[in-house]
Amino acid sequence: MAAAMAFRSARSVTFSIALALTSVAASAGCATRDRWAGQDKMLHLGAGSVAAVAVGSQFKSPWAGFAAGVAIGAAKELTDSRGAGTCSLQDLVATAVGAGLGAYASKWAIAHADGNTSVRFTTTF
């Protein structure tokens, strides 16, 4: 029972953080008419995935991985909005989708046992 409550609490905090960071980036004046098919979207997707897998496996929590991926994407777009590049909500969405995929991968593909981390690949027929 306590574990289920902690899980729900962690999930709520993760989604609250992701929503807050997205709101901040959205209010920073990011472009909303950026192309969805640009090459940079794949880079954002990959960066979000890598961040989520790295953090999710380190902390043994896909929710932490997802939050880290979204936070990195939001921070990058906020930096862009201050003149370092072109701020784009589509870039933030691509990073968040990548973070979701990476969090899913960290949950199912990375196993922790006896303090060791191993990657497992399984196929079921």
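Asp 91 is buried, at a relative accessible area of 3%; buried here means under 20% relative accessible area, exposed means over 50%, and partly exposed lies in between (1.4 Å probe, protein chains only). The side chain of Asp 91 meets that of Lys 41 in a salt bridge, 2.8 Å from N to O. A salt bridge is counted when a side-chain nitrogen of Lys or Arg is within 4 Å of a carboxyl oxygen of Asp or Glu. This pair links distant parts of the chain, since Lys 41 is in helix H2 and Asp 91 in helix H4, 50 residues apart. Helices (H or I, at least four residues) and strands (E, at least two) are DSSP runs, numbered from the N terminus.

Some ground rules apply to what follows. This is a predicted model, in which local features need pLDDT of at least 70 and side-chain atom pairs count only at pLDDT 80 or more, while totals for chains, interfaces and linings use all residues. Residues are numbered from 1 along each chain as its sequence is written, and side-chain values use heavy atoms, with hydrogens and water left out.

The pLDDT is the predictor's confidence in each residue, from 0 to 100. Its mean over the protein is 76, and 65% of the residues reach 70 or more. Helix H2 (residues 39-59) has the highest confidence, at a mean of 89, and strand E1 (residues 110-113) the lowest, at 56. Over residues 121-125 the pLDDT is below 50, and this stretch has zero contacts in the model beyond near neighbours in sequence; a contact means heavy atoms within 4.5 Å. Where pLDDT is low, the predicted coordinates should not be read in detail.

The protein has four helices and two strands, and from the N terminus on the elements run α-α-α-α-β-β. Of its 125 residues, 30% are buried. Among contacts between residues at least 6 apart in sequence, 70% join residues at least 24 apart. The protein exposes about 7,900 Å², with carbon and sulfur atoms supplying 65% of that area; accessible areas come from the Shrake-Rupley method with a 1.4 Å probe, and for residues only the protein chains shown count as cover.

Back to the charged residues. The structure holds three salt bridges. Lys 41, besides its bridge to Asp 91, meets Asp 40 in a salt bridge of 3.2 Å, N to O. Lys 41 counts as buried, at 4% relative accessibility, whereas Asp 40 is partly exposed, with a relative accessible area of 28%.

Lys 76 forms a salt bridge with Asp 80, the closest N and O atoms being 2.3 Å apart. Both residues lie in helix H3, four residues apart, about one turn of the helix. Lys 76 is partly exposed, with a relative accessible area of 37%, while Asp 80 counts as buried at 8% relative accessibility.

Gln 90, in helix H4, also touches Lys 41, along with Ala 31, Thr 32, Arg 33, Asp 34 and Trp 36, not counting residues up to four places away in sequence. Gln 90 is buried, with a relative accessible area of 5%.

Next comes the nonpolar interior. A nonpolar core is a set of buried Ala, Val, Leu, Ile, Met, Phe, Trp, Tyr and Cys residues joined through side-chain atoms within 4.5 Å. The largest one has five residues: Ala 52, Phe 66, Val 70, Ala 99 and Ala 103. Helix H3 (62-84) and H4 are the elements that give two or more residues to this core. Ala 103 touches Ala 52, Pro 62 and Phe 66, leaving aside residues up to four places away in sequence. Ala 105, also in helix H4, is partly exposed, with a relative accessible area of 29%. Ala 105 and Ala 52 are 53 residues apart in sequence and 8.6 Å apart in space, C-alpha to C-alpha.

On the surface, Trp 36, Val 93, Val 97 and Leu 101 form a nonpolar patch with about 390 Å² of accessible area together. Patches are made of residues with over 30% relative accessible area and no salt bridge; like charges are joined within 9 Å, and nonpolar side chains (Val, Leu, Ile, Met, Phe, Trp, Tyr) within 5 Å. Val 97 is in helix H4 (residues 89-109) and is partly exposed, with a relative accessible area of 43%.
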